[in-house]
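Have the model open as you read. The text below goes through the ligands and the domains around them.

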Amino acid sequence: MTDEATAFAPGHVTAFFAPYPHDDPAVAGSRGAGLALSDGVEVTVRPTGSIEDGGRIFLDGTPTEMAAVTGVLGSLDPDSREGDCESGGLPADVDVRTDLPVGAGFGVSGAAALATALAANDAFDLARSENELVRAAHVAEVEAGTGLGDVVAQFRGGLPIRLEPGAPGHGEFDGLPARPRVEYVTFGELSTEAVLGGDLDPVRTAGEAALTRLRRRPTVDELLAAAREFAEDAGLLVPAVAEAVEAAEAEGSRASMAMLGRTAFALGTGLSDAGYDATPCTVHPTGATLVGLGGP
Ligand SMILES: Nc1ncnc2c1ncn2[C@@H]1O[C@H](COP(=O)(O)OP(=O)(O)O)[C@@H](O)[C@H]1O
Ligand SMILES: CC(C)(COP(=O)(O)O)[C@@H](O)C(=O)O
């Protein structure tokens with residue numbers, strides 16, 4: 001048995017996205033843009049004696065299910081063969097810790113999967129490369145139905161623009177050279193799985209229009225303006241979020257809805273100025289990484 005290891009992955013607010021499902025989960029993904037946040041997810045992988053003892057996931061100390069994390073443990077297990085679930089995955093328990101609201105559009109599932117991959121690689125001395133680990137987390141997230149583009153964006157950090165969908169080897173990136181101060185207020189969860197299981201054509205059309213707009217003028221202001229237009233055109237803007245977004249705009253801040261959650265996010269302090277109990281946050285300039293003993 002080897003030592004435990006810990007890794008961090010930033011939260012990720014998707015401003016807009018165009019979903020591209022595909023039979024090959026490594027090819028599947030989304031085009032779009034968003035913000036990697038300094039608020040994120042820390043994961044500790046604790047090897048156990050055997051799979052009977054392991055495979056448990058704890059979210060802030062409470063036993064939970066997180067399909068993307070389970071998927072990573074399965075795919076990184078050297079004993080697991082294609083489609084073979086018998087191996088049960090790497091014999092480890094996984095502690096997921098975050099201050100972010102889960103299920104509210106911050107990419108907690110993707111961050112947990114990515115940090116699990118990085119920590120498991122160290123804890124079990126798997127000797128996988130970064131592209132292999134990001135691909136494992138991306139595939140697990142896509143197969144879980146809890147995301148399409150978060151993992152690759154969280155590995156890059158900053159303000160990623162996803163030009164082409166997919167895991168490393170398929171996806172293509174650019175980014176915005178800015179580090180704005182943002183704040184957010186959440187009104188609750190929105191099932192990513194439910195939205196991704198629905199009619200994605202209107203979302204894809206609105207997402208492609210938003211990406212075209214941003215590539216014409218790649219600035220943070222345009223990112224939020226394109227996001228705002230996307231949320232309306234894709235039919236995803238929920239009433240509570242719309243109200244907060246309009247209030248922040250009345251205070252002079254660009255604002256929109258975090259995809260996919262009942263969450264409003266804004267540049268500057270527009271939400272606080274409008275009287276909301278908003279959480280300030282900065283952009284996480286780098287991507288996911290090992291922390292503590294295993295890390296630099
Ligand atoms: N308290 C919780 N609320 C919402 N999802 C939870 C919770 N605990 C565990 N989960 C799991 O976390 C994942 C959340 O994924 P998702 O809905 O995409 O949210 P996020 O936007 O945070 O990534 C799902 O696999 C879900 O089953
Ligand atoms: C928007 C979403 C499809 C889901 O994001 P979340 O609900 O935060 O998991 C994301 O994965 C993306 O492709 O941009």
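**Two domains and two ligands**

Ligand 2 lies between domain 1 (5-174) and domain 2 (179-282), because both domains give residues to the shell around it. The domain bounds come from an automatic or database domain assignment. This is a predicted model; local features need pLDDT of at least 70, side-chain atom pairs count only at pLDDT 80 or more, and totals for chains, interfaces and linings use all residues. Residues are numbered from 1 along each chain as its sequence is written, chains are lettered from A and ligands numbered from 1 in the order in which they are written, and side-chain values use heavy atoms, with hydrogens and water left out.

Start with the domains. Their centres, taken over C-alpha atoms, are separated by 23 Å. Across the interface, 35 residues of domain 1 are in contact with 38 residues of domain 2. Contact here means heavy atoms within 4.5 Å.

Now look at ligand 2. It is surrounded by 15 residues, each with a heavy atom within 4 Å of it. The closest are Thr14, Ser30, Leu148, Gly149 and Thr192. By class, the shell holds 5 nonpolar, 8 polar and 2 charged residues. Ala, Val, Leu, Ile, Met, Phe, Trp, Tyr, Cys and Pro count as nonpolar, Asp, Glu, Lys and Arg as charged, and the others, Gly among them, as polar.

For the side chain of Asp150, an N or O atom is 3.0 Å from a ligand 2 oxygen. Leu260 uses its backbone: a polar atom there is 3.2 Å from an oxygen atom of ligand 2. The protein buries 98% of the 370 Å² that ligand 2 exposes when taken alone. Such areas come from the Shrake-Rupley method with a 1.4 Å probe.

Turn to ligand 1. Its surroundings comprise 16 residues, and the closest are Thr64, Gly103, Ser109, Thr146 and Glu189. The shell divides into 7 nonpolar, 7 polar and 2 charged residues. Thr64 places a polar side-chain atom 3.3 Å from a nitrogen atom of ligand 1. A polar backbone atom of Thr146 is 2.9 Å from an oxygen atom of ligand 1. From Thr192, a polar side-chain atom lies 3.3 Å from an oxygen atom of ligand 1. On its own, ligand 1 has 560 Å² of accessible area, and the protein covers 75% of that.

Technical notes: Polar contact = N/O pair within 3.5 Å; in protein donor to acceptor, adjacent residues only side chain to side chain.
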